[in-house]
Amino acid sequence: MTSCPSPSVEREQPAEDRPGRDPATRRAALLATLVAVPVTVAVAGFTLARLAPDTPAAAPSPTVTTARAQSGAPVAMAAPALAARPATVCRALMSQLPESVRDLRQRPVTAGPEQNAAYGDPALTVACGGAEPTVPATADVWAVNSVCWYGRQEGGAMVLTTVDRETAVTVTVPAAYEQPLQWVAPISDPIVASVPSGGEVPSGCRR
């Protein structure tokens, strides 16, 4: 009787003996992994840095288009007694003044709100009804929005007074505010509307 041959059973080769898995290949794969990990970490860090918000920029300095921080305390101003006509003119002017001069908000005054006004900090002040200054023949005068102004330096401010109005109006512009004539421009329009012209107009303001 012929016996059938027993089927051969192939033993699974250990992983290290499989084709294509020689030690050199394993070392190369390990080296590639070690190189890839730091590169991946670096790329991820770069991506996060790009996505992170930028450092906030420093706040801009105040300009004529941005509101200035200022005190709301009353500004000390004198209020000399006025005759009936100047008092009436000054009340009319105060009622026409704007709430803000450029970026300076109006502030209360300690005396004479019917003839005085103040804006900003340091305070730019408007005083109505004072004496009109004597203008030297060679002095500079400036026409701003149809109002003639004469200016003189007093301490740390430019003092500008009208010299072509029935009742004088004086605006004191602190040195902190550059180009003083630009600050009287918003005040000149209410002066034209409420303070009649009067007296001789200096030649520098004649058209």
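Modeller: This is a predicted model. The largest pocket has 13 lining residues, and those nearest its centre are Asn116, Ala127, Cys128, Gly130 and Thr170.

Biologist: How much space lies in the largest pocket?

Modeller: About 150 Å³.

Biologist: Which strand gives the most to the lining?

Modeller: That is β4, with five residues. Both β4 (124-130) and β8 (168-174) supply at least two residues of the lining.

Biologist: And by class, what is the lining made of?

Modeller: It has six nonpolar residues, seven polar ones and no charged ones.

Biologist: OK, new topic. How many helices and strands does the chain have?

Modeller: Three helices and eight strands. Along the sequence the pattern reads α-α-β-β-β-β-β-β-β-β-α.

Biologist: In what order do the strands sit in the sheet?

Modeller: The order is β1-β2-β3-β4-β8-β7-β6-β5, in an open sheet of eight strands with antiparallel pairing.

Biologist: Which strands stand at the edges?

Modeller: β1 and β5. Each has a single partner strand, so one side of each is left without a neighbour in the sheet.

Biologist: What holds strands together, in general?

Modeller: Strands of a sheet pair through backbone hydrogen bonds, and the pairing can be parallel or antiparallel.

Biologist: Take β5 then. How many bridges does it share with β6?

Modeller: Four, between β5 (residues 141-144) and β6 (residues 147-154), in the antiparallel sense. Alanine 143 is opposite cysteine 148 of β6. The two strands form a hairpin with two residues between them.

Biologist: Which residue in that turn has a positive phi?

Modeller: Asparagine 145, at about 50 degrees. The positive phi is there although asparagine 145 is not a glycine.

Biologist: Is asparagine 145 buried, exposed or partly exposed, and why?

Modeller: Asparagine 145 counts as partly exposed, because its relative accessibility is 37% and that class covers values between 20% and 50%.

Biologist: What does β6 do on its other pairing, with β7?

Modeller: β6 and β7 (residues 157-162) pair over six bridges, again antiparallel. Tryptophan 149 is opposite threonine 162 in β7, and glutamine 153 is opposite methionine 158 in β7. These two strands also form a hairpin with two residues between them. In this turn glycine 155 has the positive phi, about 60 degrees.

Biologist: Where is arginine 102 found?

Modeller: Arginine 102 is in the loop between β1 (100-101) and β2 (104-107). Its phi is positive, near 55 degrees, in a residue other than glycine. With 30% relative accessibility, arginine 102 counts as partly exposed.

Biologist: Which two residues does the cis peptide bond join?

Modeller: Aspartate 121 and proline 122, with omega about 5 degrees. Proline 122 is in the loop between β3 and β4.

Biologist: Now the inside. Which residues touch the most other members of the largest nonpolar core?

Modeller: Leu124 and Val126, in a core of 26 residues. Elements that each supply at least two residues of this core include α2 (84-96), β3 (116-119), β4 and α3 (180-194).

Biologist: What does leucine 124 touch?

Modeller: Leaving out residues up to four places away in sequence, its contacts include Leu104, Ala117, Tyr119, Val171, Val173, Trp183 and Ile187.

Biologist: You listed Trp183 among the contacts of leucine 124. Where is tryptophan 183 found?

Modeller: In helix α3. Tryptophan 183 counts as buried because its relative accessibility is 1%, and the cut-off is under 20%.

Biologist: How far is the C-alpha of tryptophan 183 from that of leucine 104?

Modeller: The two C-alpha atoms are separated by 9.8 Å, with the residues 79 apart along the chain.

Biologist: And across the chain, what share of residues is buried?

Modeller: Buried residues make up 29% of the 207. Of the contacts with a separation of 6 or more, 59% are between residues 24 or more positions apart.

Definitions and conventions: Residues are numbered from 1 along each chain as its sequence is written. This is a predicted model: local features need pLDDT of at least 70, side-chain atom pairs count only at pLDDT 80 or more; totals for chains, interfaces and linings use all residues. Side-chain values use heavy atoms; hydrogens and water are left out. On a 1 Å grid over the protein atoms alone, a cavity is a set of points where a 1.4 Å probe fits but cannot get out, and a pocket is an open set with protein on both sides within 12 Å along at least five of seven lines; lining residues have an atom within 4 Å of a point. Grid points are joined across faces, edges and corners, and a volume is the space filled by probe spheres set on the points. Ala, Val, Leu, Ile, Met, Phe, Trp, Tyr, Cys and Pro count as nonpolar, Asp, Glu, Lys and Arg as charged, and the others, Gly among them, as polar. Two strands pair if DSSP finds at least two bridges between them. A nonpolar core is a set of buried Ala, Val, Leu, Ile, Met, Phe, Trp, Tyr and Cys residues joined through side-chain atoms within 4.5 Å. Buried means under 20% relative accessible area, exposed over 50%, partly exposed in between (1.4 Å probe, protein chains only). Contact means heavy atoms within 4.5 Å.
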